[in-house]
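Subject: Structure handover

Hello,

Here is the structure I promised to pass on. Please open it alongside this note; my findings follow below.

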Amino acid sequence: MAKTKKTPGGNTICLNKRAKHEYTIDTKFEAGLSLTGWEVKSLREGRAQLVDSYVVFKNGEAWLVGAHFTPLITACTHVVADPRRDRKLLLNRNELNKLIGAVEAKGYTCVALALYWKNGRVKCEIALVKGKKLHDKRAAEKEKDANREKQRAMAVHNA
């Protein structure tokens, strides 16, 4: 029986932490990514950023825009690598229709939240989001600080 290799960081390649601060997340979807060989090798090394990425719908297809995959020098010697190219998201027709309808009719934005491995394939977690106002961000920050203080008090009390 062969042992499976454990990756040090788990299955997560990268997260978009800024999205959770800037937006209120409504509905999450899982999408596949259409990638080239050097991009997969780069992702195995953990060289990806989703900070300014978002999803655009063109001709009934979803495209990930603004994601940055840093090319490896050893992996793309014979290819001209474009680290910020648009990458096609693989979704079924029902999911695409839900996303397109929400973005066009209800005023939502579609943002990439995370990249991760699932059964040897790269998956992208995307979400329908709405922008937070400044007072919402402040309230979320206060709530986060209050929860942190509660945890510290409970740790001191239990110790």
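Two strands count as paired here if DSSP finds at least two bridges between them. With that in mind, V55 has L64 in strand 5 as its bridge partner. Strands 4 and 5 (residues 61-65) are antiparallel and share five bridges. Please note that this is a predicted model.

First, the overall picture. The protein chain has four helices and nine strands. Along the sequence they follow the pattern β-α-β-α-β-β-β-β-β-α-β-β-α. Of the 159 residues in the chain, 30% are buried. Take the contacts between residues at least 6 apart in sequence: 70% of them join residues at least 24 apart. The accessible surface is about 10,800 Å², and carbon and sulfur atoms account for 50% of that.

Seven strands form an open sheet in the order 1-8-9-2-7-5-4, with antiparallel pairing. Strand 1 and strand 4 (54-58) are at the edges. Each has a single partner strand, so one side of each lacks a neighbour in the sheet. On average, neighbouring strands are turned by 40° against each other, direction ignored.

Helix 2 packs on this sheet and touches strand 1, strand 7, strand 8 and strand 9. The direction of helix 2 makes about 75° with that of strand 8.

Two more pairings are worth a look. Strand 2 (residues 23-33) runs antiparallel to strand 9, and nine bridges join them. Within strand 9, K130 stands opposite T24. Strand 2 also pairs with strand 7, again in the antiparallel sense, over two bridges. There, G32 has L90 of strand 7 as its bridge partner.

Now back to helix 2, residues 37-44. Which of its residues are buried? They are W38, E39, S42 and L43. These four cover an arc of only 140° around the axis, which puts them on the same side of helix 2. As background, an α-helix has 3.6 residues a turn, so residues three or four places apart point the same way.

What covers these buried residues? The cover includes strand 1 (12-15), strand 3 (48-49), strand 6 (68-69), strand 7 (87-90), strand 8 (109-118) and strand 9 (121-131).

Best wishes

Note on methods. Residues are numbered from 1 along each chain as its sequence is written. This is a predicted model: local features need pLDDT of at least 70, side-chain atom pairs count only at pLDDT 80 or more; totals for chains, interfaces and linings use all residues. Side-chain values use heavy atoms; hydrogens and water are left out. Buried means under 20% relative accessible area, exposed over 50%, partly exposed in between (1.4 Å probe, protein chains only). The arc is that of the directions from the helix axis to the C-beta atoms. Contact means heavy atoms within 4.5 Å. Axes are lines fitted to C-alpha atoms, for helices over the stretch in contact, and angles run from 0 to 180 degrees between N-to-C directions. Accessible areas come from the Shrake-Rupley method with a 1.4 Å probe; for residues, only the protein chains shown count as cover.
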